[in-house]
Amino acid sequence: MIEQNLSLLLVVIPLLSAPVTAMLPNGRMPWLLTLTASWTCLLIAGWQLSVVIDGNVISYELGGWAPPWGIEYRIDAMNAFVALIVSAIAAITLPYALLSVEKEIPRQQTSLFYATFLLCLVGLLGIAQTGDVFNLFVFLEISSLSSYVLIAMGEQRRALTSAYQYLIMGSVGATFLLIGIGLVYVETGTLNMVDLNQRLHPILDHQTVHTGFAFIVVGIALKLALFPLHLWLPNAYKYSPSVISVFLAATATKVAVYIMLRMVFGVFSNDFVRITPTDHMFLLLGVFGVILASVAAIYQTDVKRLLAYSSIAQVSYMVLGMGLASVLGITATLVHVFNHALMKGALFMACGALVYRVGSSRFEKLDGLGRQMPWTFTAIFITGLSLVGIPGTAGFISKWYFVLAALEHQSWLIALVILLGSLLAVVYMWKIVEVMFFRPVPDSAQSVKEAPVSLLVPMWVLVIANIYFGFNTELTVNVADSAARLLGVAAYHE
Amino acid sequence: MKNITVTVLIDTLIDITLLAFLAITAIAIIRMRNLFVIIMLFSIFSLHTAGLFVVMDAADVAFTEAAVGAGISTVLMLATLALTKNHEEKRPAHHARLPLLVVLITGGALVYGTYDIPSFGDPISPAQQHVKPRYIEHSLEETGVANTVTAVLASYRGYDTLGEVTVIFTTGIGVILLIGGRLLRRNKQEDD
Amino acid sequence: MIDIIVGHYNYWVVIFLMMAGFYTVISHGNLIKKIAGLNIFQTSVFLLYISIGYVSEGTTPIIAEGFTRYSNPLPHAMILTAIVVGVSTTALGLALVVRIKEAYGSIEEDEIHDQDKSL
Amino acid sequence: MKHNLILRVIAKYLFPVIALFAFYVQFHGDYGPGGGFQAGVILSVAFILYTLVFGLETAEQILPPHVLRILACTGVLIYAGTGVATMLMGGNFLDYNFLSLNPVEGQHIGIMLIELGVGITVSAIMLMIFFAFTGRERS
C-alpha cells in the first residue's frame with residue numbers, strides 16, 4: 001500500500017510538514033523537521049528513479065479518477081531525475097542552513113522561514129511529478145510565491161526591490177503560461193499532457209495552437225531567465241539570504257528547464273519544433289545568451305552577481321541543447337541540468353561561507369581571503385574547474401555531450417560557441433581566484449577564521465560530487481539518455 | 001423557439017454593454033494618475049467582470065470574483081495606500097516606446113491566434129466535446145453533488161484545490177514574514 | 001465576415017483588456033499602479049477562460065431538471081484556482097510595496113533606482 | 001469610528017448575519033454556487049467589519065494572532081489529512097470513495113471535509129493579512 005503511494009508522498013510529506021513547521025516554536029525544532037522531511041524526500045526520489053530508470057512509467061491517479069478527467073502523476077525517467085536533483089539539493093542545503101540561517105534570519109522568523117522553504121520544495125517537487133498542465137501551473141505558483149518571500153528575507157533593502165521585480169516578471173510569465181494553456185485547451189478540451197500530445201497531433205498547423213505554444217514558451221522563458229528575459233535573476237540571487245541563493249540557483253532554473261522540455265517536446269512534439277522556427281530561435285537565443293551573459297559576468301564586482309550571470313550563461317547552454325532537437329542534444333541538456341546544480345550549489349555555498357565570515361561578497365572585501373579560508377577557497381577553485389569543463393570534472397561531461405550534439409548537427413559554429421563560453425568561464429572564474437588568492441591581505445583587515453564545519457561539509461560533499469560524476473557517468477548519462485528517448489526525440493537526421 | 005432567440009439577443013446585448021464598460025474602465029485606469037481613483041476603478045472593473053461571468057453562466061466564478069477582486073484585493077490596495085500615503089502617481093519624464101511595441105506585438109499575436117478559435121458559445125467545440133461531457137452527465141451519480149463546478153473542484157480535480165489552499169497558506173505566511181512584525185510573537189510569554 | 005465578427009468580438013475585446021493591463025504593468029513606474037495593472041491583466045485572462053467555457057443557450061452547470069445544455073465547468077474550476085493565485089500575488093506584492101516605502105520613502109521605480117545607484 | 005453609536009449597533013447586528021451567510025455558502029456549495037473559499041472570504045469580511053468599527057485591539061482579543069496561525073495550519077492539515085486518510089483506507093490520495101462503504105456517501109464526507117479545511121484556512125489567512133496591513137502603522 002505504501003509503495004504504490006510513494007510517488008505522491010514525495011510531494012505530500014513536505015506539504016504536511018510545512019504547516020506543522022509553522023506551528024513549532026522558533027529555534028532549532030523547525031530546522032530539524034525540515035531536515036527530516038527533505039531527507040525522506042531524497043530517499044523516496046532515489047527509490048522512484050530506481051523504478052523508472054529502465055524505461056518504466058509510474059502512473060498515479062489522484063482522487064482515483066482516471067485521466068483526463070482527473071489529475072495524473074506520470075513519472076518517467078526525466079521526472080524522477082528532476083525530482084531527485086531537487087530533493088538532493090534540498091537535503092544537502094539543510095545541514096548547511098542551520099548556522100547560516102541563525103546568522104542571517106531573525107530568530108523570531110525561523111519557524112515561518114523554514115515553513116516557506118518547505119513550501120518552495122513542495123512547489124518544485126509538484127512540478128516535477130505532475131502529468132497535468134494546469135496542476136503544473138498551480139505548483140509553479142506555489143514555488144514562485146514562496147521564492148518571492150524567501151528572496152525578500154535578505155538583509156539589505158535591495159532584497160525588497162529585487163523580490164518585487166521578480167514578482168512582477170514572474171507573475172507576467174505565469175499569466176502568459178495561463179493564456180497559452182487556455183488557447184491549447186480551447187483546441188483540445190483536455191489538460192492531461194499525454195492526452196494533449198495525442199489530440200494536438202492532427203491540429204499542429206492551427207494558428208491558435210501556434211499562438212498558444214508561443215505564449216507557453218515565453219511564459220516559461222521568463223521563469224527560466226532565458227536571455228533576454230533574465231533581468232530579474234542577478235539581483236534576486238545576489239540579495240537573497242545565502243541559503244536561498246544556494247537552493248534557488250541549484251533548483252529553480254533547473255525545474256524551469258524541465259518544464260520547457262516537457263512542454264515543448266512532451267506536450268507538443270519534436271516535429272512541431274522542426275516545422276516551426278522554434279529550434280532556430282532556441283539556437284539563436286542560446287548563442288547570444290552564452291556569449292553575452294559570460295561577458296557580463298566578467299565585469300561584475302561581486303561574487304554572487306558574477307555567479308548569477310554565469311547561471312544565465314549556463315542556462316543558455318541548456319537552451320542550445322534544446323535547439324539542437326536531437327536525442328544527444330536533450331541528453332546534454334539533462335546532464336548539464338544535473339551537473340550545473342552540483343556546481344552552482346557548491347559555489348553559492350562557498351559564497352555563503354564568505355558572507356558568514358566577512359559579511360559581504362563584494363570583491364573589495366575578499367582581498368587575500370583565500371589564504372585565510374583555504375577550504376572554502378579550494379572548493380571555489382575545484383568547482384570553477386568544473387564550471388569551465390576541465391577533464392576529470394562533471395562539467396567536462398556536459399560540455400563533451402554538448403559538443404558531440406553540435407557536431408552531430410554538423411554545426412561548427414555552435415561547437416565553437418560552446419568552447420568560447422568555456423574560455424570566458426576561465427576568465428571570470430580567474431577573477432575570483434586572483435582576488436582571493438593573489439591579492440595581498442589589507443593591513444587593516446582583521447584575521448578571518450575558516451568557515452564552520454557545518455558549512456564546509458555540505459559544500460565539500462558537492463565538490464566531491466563534482467569530481468565523482470566526472471568519472472562515473474553511468475547515472476547521469478544513462479538516465480538523461482533514457483529520458484531523452486522517452487521524450488520521443490528521434491535521432492537527428494537531415 | 002422565439003423566446004430563446006429573444007433571450008440570446010438580450011444576453012448578447014448585456015454582454016456587449018458590459019464589455020464596453022470594461023474597455024472604458026481599462027482605458028481610464030491607464031490614463032488616471034490619482035491612485036485612489038485607480039483603485040476604485042479597478043474595483044468597478046472587477047465588479048463588471050463578475051457581472052459578465054454571470055452572463056456567461058459562471059455563477060461560482062462570478063461570486064468569487066466579486067468577493068475577491070472587488071472585495072479583498074480592493075481593501076488590501078486601499079490599506080497599502082493608507083500606509084504609503086502616496087496618492088498621486090508621478091508623471092513619467094518621457095514616453096517609452098518599447099512597452100507599447102511589446103504590447104502591440106503580444107496583442108497582435110493573440111488576435112492572430114483567434115483566427116481558427118471556435119466561435120464564442122459554439123456548443124460543438126473541442127472544449128465542449130471532450131472531458132466535459134462526463135462531468136455534466138455523471139458527476140451527480142459519481143459524486144452526489146449537483147453543482148458540477150464543486151464536483152470538479154473538490155473531487156475530480158481536488159488536488160488542484162489542495163494546491164490552491166497551499167498557495168493561500170504560502171501567501172499568509174509570506175505576508176506575516178514581510179510586514180507582520182507584531183504578529184510574529186506566538187504568544188505574550190515568548191521573548192523576541 | 002459578419003459570422004467572424006459575431007463569433008469573435010468577445011475574444012477581441014478580452015484581448016484588448018488583457019493588453020491594457022499588460023501595458024500598465026510594463027510601462028508605469030508606480031509600484032501600486034503596476035499591481036493594479038497586473039490584476040487587470042489576470043482578470044482579463046479569466047474572462048478568456050470563461051468565454052471558452054460558454055455555450056450559447058446554455059445555463060450554469062448546476063444539474064437541475066429541465067436543463068440539458070450547461071456551460072463547461074472545467075474552465076470555471078480552473079479560474080477559481082487562478083483567482084486565488086491572483087489575489088495571493090496581489091497580497092504579497094502589496095506587502096512588498098509597504099516594505100519598500102518604509103525602506104526608500106518612495107514607491108516610484110525611478111526614484112528607488114536613483115537611490116540605489118547613488119550608493 | 002469607535003464612538004459612532006449607529007455604526008456600533010449596526011455592526012453588532014450585521015456580524016451574525018454575515019457569519020450565517022458564510023456558513024450557508026460553506027455548506028450549500030454542493031447544490032448552489034459557493035464553497036469553502038467563498039465562505040472563508042465572507043467570514044473574514046464579518047471580522048474585518050468588526051475590526052473596522054471596534055478597533056484592532058478588540059478584534060485581536062477575540063482572535064489573537066497565534067490562534068489565527070494555528071487555524072490556518074489546521075485547515076491545510078485537514079485537507080491534506082483527508083487525502084492521507086483515504087490512502088490509509090486503501091484508496092489513492094483524495095479518493096473519497098474509500099471514506100465510506102457507499103462511494104457516494106464517501107464523496108459527500110470527503111467533499112465536506114476538504115471544503116471545511118479550505119474555509120478555515122482561507123478565513124484565517126485573510127484575517128491574518130488584514131491584521132498585518134492594518135497593524136503595520138503602529139510597529
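The legends below describe several close-up views of a predicted model.

**View 1. The contact between chain C and chain B.** In this predicted model, the contact draws on 67 residues from chain C and on 79 residues from chain B. On the side of chain C that touches chain B, at least two residues each come from helix H1 (2-27), helix H2 (31-53) and helix H3 (73-104) of chain C. H3(C) gives the most to this side, with 22 residues. When the residues on the side of chain C that touches chain B are sorted by class, 40 are nonpolar, 21 are polar and six are charged.

**View 2. A helix of chain A packed against a helix of chain B.** Two packed helices are described by the angle between their axes and the distance between the axes. Here helix H8 (residues 207-224) of chain A meets helix H4 (residues 98-113) of chain B at an angle of about 145°, and the axes of the two helices are 7 Å apart. From H8(A) the contact involves A:Gln207, A:Thr208, A:Thr211, A:Gly212 and A:Ala214, while H4(B) contributes B:Ala109, B:Leu110, B:Tyr112 and B:Gly113. Of the residues in this contact between H8(A) and H4(B), four are nonpolar and five are polar, with no charged residue among them.

**View 3. The surroundings of A:Gly219.** This glycine belongs to helix H8 of chain A. A:Gly219 counts as buried because it has 26 C-beta neighbours inside 10 Å, and 20 or more are required for that label. Leaving aside residues up to four places away in sequence, A:Gly219 touches A:Gly173, A:Ala174, A:Phe176, A:Leu177 and A:Gly180. A:Ser171 is 48 residues from A:Gly219 in sequence, yet the C-alpha atoms of the two residues are 9.1 Å apart in space.

**View 4. Helix H2 of chain A and what covers it.** Helix H2 (residues 29-52) of chain A has 24 residues and should span 34 Å at 1.5 Å a residue, which agrees with the 35 Å between its end C-alpha atoms. The buried residues of H2(A) include A:Trp31, A:Cys41, A:Leu42, A:Ile44 and A:Val52. Among the elements of chain A that cover the buried residues of H2(A) are helix H1 (2-23), strand S1 (58-61), strand S2 (72-75), helix H3 (77-104) and helix H4 (110-129).

View 5. Among the buried residues of H2(B) are B:Leu35, B:Ile38, B:Phe42, B:His48 and B:Phe53. Just after H2(B), B:Asp57 has a positive phi of about 60°. The domain assignment divides chain B into domain 1 (7-91) and domain 2 (127-186), and the centres of these domains, taken over C-alpha atoms, are separated by 24 Å.

View 6. Chain D has five helices and zero strands, and its C-alpha trace spans about 60 × 35 × 20 Å along its principal axes. Of the 139 residues in chain D, 52% are buried. Where chain D meets chain A, the contact takes 15 residues from chain D and 14 residues from chain A. The side of chain D that touches chain A consists of eight nonpolar, five polar and two charged residues.

Methods. Residues are numbered from 1 along each chain as its sequence is written. Chains are lettered from A and ligands numbered from 1 in the order in which they are written. This is a predicted model: local features need pLDDT of at least 70, side-chain atom pairs count only at pLDDT 80 or more; totals for chains, interfaces and linings use all residues. Two residues are in contact if their C-beta atoms, placed from the backbone, lie within 7 Å. Helices (H or I, at least four residues) and strands (E, at least two) are DSSP runs, numbered from the N terminus. Ala, Val, Leu, Ile, Met, Phe, Trp, Tyr, Cys and Pro count as nonpolar, Asp, Glu, Lys and Arg as charged, and the others, Gly among them, as polar. Axes are lines fitted to C-alpha atoms, for helices over the stretch in contact, and angles run from 0 to 180 degrees between N-to-C directions. A residue is buried if 20 or more other C-beta atoms lie within 10 Å of its own, exposed if 12 or fewer, and partly exposed in between; C-beta atoms are placed from the backbone. Domain bounds come from an automatic or database domain assignment. The expected span of a helix is 1.5 Å times one less than its number of residues.
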